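Please read this briefing alongside the sequence and the 3D structure.

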Amino acid sequence: MKLNHLDSNENPFGPSALAVAAMQKVLAEGNRYPDNDSDDLRDKLAQIHQLEPEQIIISNGLTDLLSVIARTCLSPGQNAITSERSFVAYPTAAASARAQLIQVPTLQNGYDLQAIAKTVNRDTRVIFLANPNNPTGTLVTAEETDWLLNHIPESVLLVIDEAYYEFAQDFASKKKVSYSHSFELVRERRNVIVLRTFSKVHGLAGVRVGYGYCSTGLVARLNVQRSIYAVSRVAQAAAVGALQDGGHIQRTVENNSAEAPRIEKALSSAGYKIVPTWANFIFCDLEKDARPIREKLKTEQIRVRALDAWGIPTALRFTVGTPEQNTQLLDAFLDAART
Ligand SMILES: Cc1ncc(COP(=O)(O)O)c(C=O)c1O
């Protein structure tokens with residue numbers, strides 16, 4: 001039986017055919033170094049987002065960019081703030097700058113912005129905001145982000161991590177919620193950097209490419225900490241190809257939009273506590289040790305994420321897969337959880 005990968009919030013349809021073709025095309029140029037400035041990709045992104053290319057930094061995935069941000073903005077003795085139950089790379093990023101990371105308790109499984117604003121002290125330089133949050137799938141609205149920005153000192157950089165932007169935007173427009181106006185914040189010269197990745201909707205997690213947009217001044221400072229040639233020729237080509245494939249993005253988002261509610265409904269009807277998702281994964285608290293169920297699913301070739309590393313050993317996170325993968329998951333999970 002084929003392994004059903006529902007543990008890392010990847011795209012179940014794989015990369016776009018245009019991205020694959022673009023990668024194949026540059027393989028024979030593998031002897032040549034990549035463009036250190038990723039000019040082609042930055043120009044395309046600048047065009048799409050109506051920004052200056054100098055406002056964009058391309059990285060070897062967001063995980064790497066988070067550490068570049070931390071090393072640029074944090075020093076020993078200073079701190080960054082995030083939420084508990086948030087993205088696992090924030091502690092690693094802060095540690096790479098030998099700075100402290102303060103993790104504020106969640107409010108209804110999401111970011112408690114008032115508590116975060118109160119936690120800011122004179123040594124705070126950065127706030128990491130995963131929006132939507134991984135692993136709980138919660139959202140911070142545009143108004144709530146504005147509220148936070150208006151209640152923290154201007155010297156604190158707000159890192160708005162929109163790794164799941166396309167999924168969140170889709171849910172938000174259907175639910176008539178204002179999700180993100182991050183471009184406006186950058187244009188208004190607020191102290192923010194907005195992060196996007198090709199790992200999720202574009203299906204390029206294994207290729208490693210992401211980007212941030214912010215002020216040109218911050219891009220220049222981040223460039224000092226960035227490794228030379230960090231983004232391979234293959235990754236740059238893949239990203240440019242992926243941006244041209246609107247059909248692949250739409251298919252992925254539409255699948256998520258139909259399948260996430262189906263999974264949520266099946267789990268809720270069976271009596272499990274889920275947090276309604278704004279992303280491509282579902283957080284489910286079983287209120288008992290979830291690890292034996294994760295192990296049982298593994299024996300049936302289904303991988304899901306147990307959240308003991310986040311301090312939540314009773315919870316699982318399920319990536320939304322194709323309809324067939326989700327049916328296989330639901331059948332196996334409901335069976336395993338019953339026993
Ligand atoms: C909130 C969040 N930010 C960033 C990332 C990392 O993305 P990348 O694959 O670009 O390193 C993830 C990946 O799971 C994520 O959940």
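This is a predicted model: local features need pLDDT of at least 70, side-chain atom pairs count only at pLDDT 80 or more; totals for chains, interfaces and linings use all residues.

Residues are numbered from 1 along each chain as its sequence is written, and side-chain values use heavy atoms, with hydrogens and water left out. Helices (H or I, at least four residues) and strands (E, at least two) are DSSP runs, numbered from the N terminus.

**Sheet**

- An open sheet with mixed pairing is formed by five strands, in the order β1-β11-β12-β10-β9; two strands pair if DSSP finds at least two bridges between them.
- At the edges are β1 (4-6) and β9 (273-275), each of which pairs on one side only.
- From one strand to the next, the twist averages 30°.
- Strands β11 (residues 302-307) and β12 (residues 312-319) run antiparallel and are joined by three bridges.
- Opposite A306 stands L316 in β12.

- Helix α11 (residues 246-269) lies across β9, β10 (281-285) and β12, and runs at about 10° to β10.
- For such angles, axes are lines fitted to C-alpha atoms, for helices over the stretch in contact, and angles run from 0 to 180 degrees between N-to-C directions.
- Helix α7 (residues 165-175) has Y165, E166, F167, A168, D170, F171 and A172 as its buried residues; buried means under 20% relative accessible area, exposed over 50%, and partly exposed in between (1.4 Å probe, protein chains only).
- These buried residues of α7 pack against β7 (192-197) and α11.
- K176 follows α7 and has a positive phi, near 55°.

**V159 in strand β6**

- V159 lies in strand β6 (residues 157-161) and is buried, with a relative accessible area of 0%.
- Leaving aside neighbours within four places in sequence, V159 is in contact (heavy atoms within 4.5 Å) with L66, I69, V126, I127, F128, L129, I193 and L195.
- N131 is 28 residues from V159 along the chain, and their C-alpha atoms are separated by 9.9 Å.

**Cysteines**

- Zero disulfides are found in a search of the whole structure, a disulfide being a pair of cysteine sulfur atoms within 2.5 Å.
- The closest cysteine sulfur to that of C214 is in C73, 9.1 Å away, which is too far for a bond.
- C214 counts as buried because its relative accessibility is 0%.
- C284 also counts as buried, at 0% relative accessibility.
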